[in-house]
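Hello,

Here is the structure you asked to look through. My notes follow below it.

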Amino acid sequence: MNNLVKPLQPGATIGIVGGGQLGRMMAISAKEMGFRIGIIDPTEDCPASQVSDWHIIAPYDDQAALEEMARCTQVITYEFENVDVDTLNQIIDRANIPQGTDLLAITQDRLMEKAFLEGNNIVIAPYATIISPTDIQDAIEGIGYPCVLKTTRGGYDGHGQYVLKGTSDLAPSMNLLRSGTCVLEAWIPFEKELSVLVAGNGYGEYVTFPVVENIHRNNILHETIAPAQIDPAVAEEAKRIAEVIAEGVDLVGTLCVELFLTKAGALYVNEMAPRPHNSGHYTIEACSMSQFDAHIRGVCGWPLAQPKLLSEAVMVNVLGENLLGTFELIDEKPDWHFHYYGKAMAKKGRKMGHITLLTEDIGQTLKEIKNTEIWD
């Protein structure tokens, strides 16, 4: 349950561990609600620091920095799931961290995450724990090819995983075991990749956002289509799954559930992110409440209303290689919503911003994005 006795009032200070684009958009939302913002991040002039009141330049696991943040804030939240749980637990008695650390611990370890999902009767891909190279062959006999070997900790945007299509992939996949225990998962022949956001406020209130379809390139999210063009019954089931997860962790703030949809209409949960998510950026313009508003309201103990989709939308990511091309579109596309994160250096594959297009014809909008030739 939320540690707040009553909802946090405007004028209070919220601390954010992490200073990337998610922290930036959290801070913007919080500032609109009248809160002050402090952040911890090791990088000077990081995206969130540009819109915050103060910035402690320190690693995320610096206990002294977290203790200083605890003294200067009324609530602490985090913008990504790789915050050190042990360090947060060291200050939890002296700080107000409404999200707690249980959800962080679950989502930081694939085995813990799978155990939690199975314990809540949620369907996931068949898997096996891999400790040594000999475990892989035994597991493949049961799981079969193709399959995916993943590290249990630290993976993102395709890092920390290797797809095995046949015996020739066994040797190169072994490199992942150097980082420790891994998980071997069956490959789900999905028709669409979906995600759904759910938010809670610590008082038993949970709300869900529309189910969306995600299109990836090189394991990085390229486009999000809102809402997903799927059977309404499938969308309702995805929302039900998200609500079961939210209740199972006493969710405070926003959480994203990523799913695979098969041709037969089956849903498999792939993973969870205990924070706002790239696939939810469309909510800033397209919904009655953004995912960042829901997160801030949640951690501050404010009531939550069920978000409404005000317009269909497509969100497209702006990576380092796309950045300059999108600048040229600003004059040409007055109805596009451009968001840039203030990162100093554009690198290939690095998320530099996103663009949201409100639409009445998703197919036509996807063509419009493609016709720019910026994302080819």
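Two strands count as paired if DSSP finds at least two bridges between them. Strand S2 (residues 36-41) and S3 are joined by four bridges and run parallel. Within that pairing, histidine 55 in S3 is opposite isoleucine 39. Please keep in mind that this is a predicted model.

S2 and S3 belong to an open sheet of four strands with parallel pairing, in the order S3-S2-S1-S4. Strand S3 (54-57) and strand S4 (75-78) are the edge strands, each pairing on one side only. On average, neighbouring strands of this sheet are turned by 20° against each other, direction ignored.

Next, the antiparallel strands. Strand S13 (residues 252-262) has eleven of its eleven residues buried, so the rest of the structure largely encloses S13. Eleven bridges pair S13 with strand S9 (residues 190-201) in the antiparallel sense, and serine 195 has glutamate 258 in S13 as its bridge partner. S13 is also joined to strand S14 (residues 267-273), by six antiparallel bridges; here leucine 261 is opposite leucine 267 in S14. The hairpin of S13 and S14 has four residues between the strands, and glycine 265 in this hairpin takes a positive phi near 95°.

Last, a pair of helices. Helix H1 (residues 21-32) packs with helix H10 (residues 291-299) at an angle of about 70°, their axes 9 Å apart. H1 and H10 are therefore roughly perpendicular to each other. In the contact, Leu22, Met25, Met26, Ser29 and Ala30 of H1 meet Phe292, Asp293, His295 and Ile296 of H10. Of the residues in this contact of H1 with H10, six are nonpolar, two polar and one charged.

Regards

How values were computed. Residues are numbered from 1 along each chain as its sequence is written. This is a predicted model: local features need pLDDT of at least 70, side-chain atom pairs count only at pLDDT 80 or more; totals for chains, interfaces and linings use all residues. Side-chain values use heavy atoms; hydrogens and water are left out. Helices (H or I, at least four residues) and strands (E, at least two) are DSSP runs, numbered from the N terminus. Axes are lines fitted to C-alpha atoms, for helices over the stretch in contact, and angles run from 0 to 180 degrees between N-to-C directions. Angles under 35 degrees count as roughly parallel, over 145 as roughly antiparallel, 65 to 115 as roughly perpendicular and the rest as oblique. Contact means heavy atoms within 4.5 Å. Ala, Val, Leu, Ile, Met, Phe, Trp, Tyr, Cys and Pro count as nonpolar, Asp, Glu, Lys and Arg as charged, and the others, Gly among them, as polar. Buried means under 20% relative accessible area, exposed over 50%, partly exposed in between (1.4 Å probe, protein chains only).
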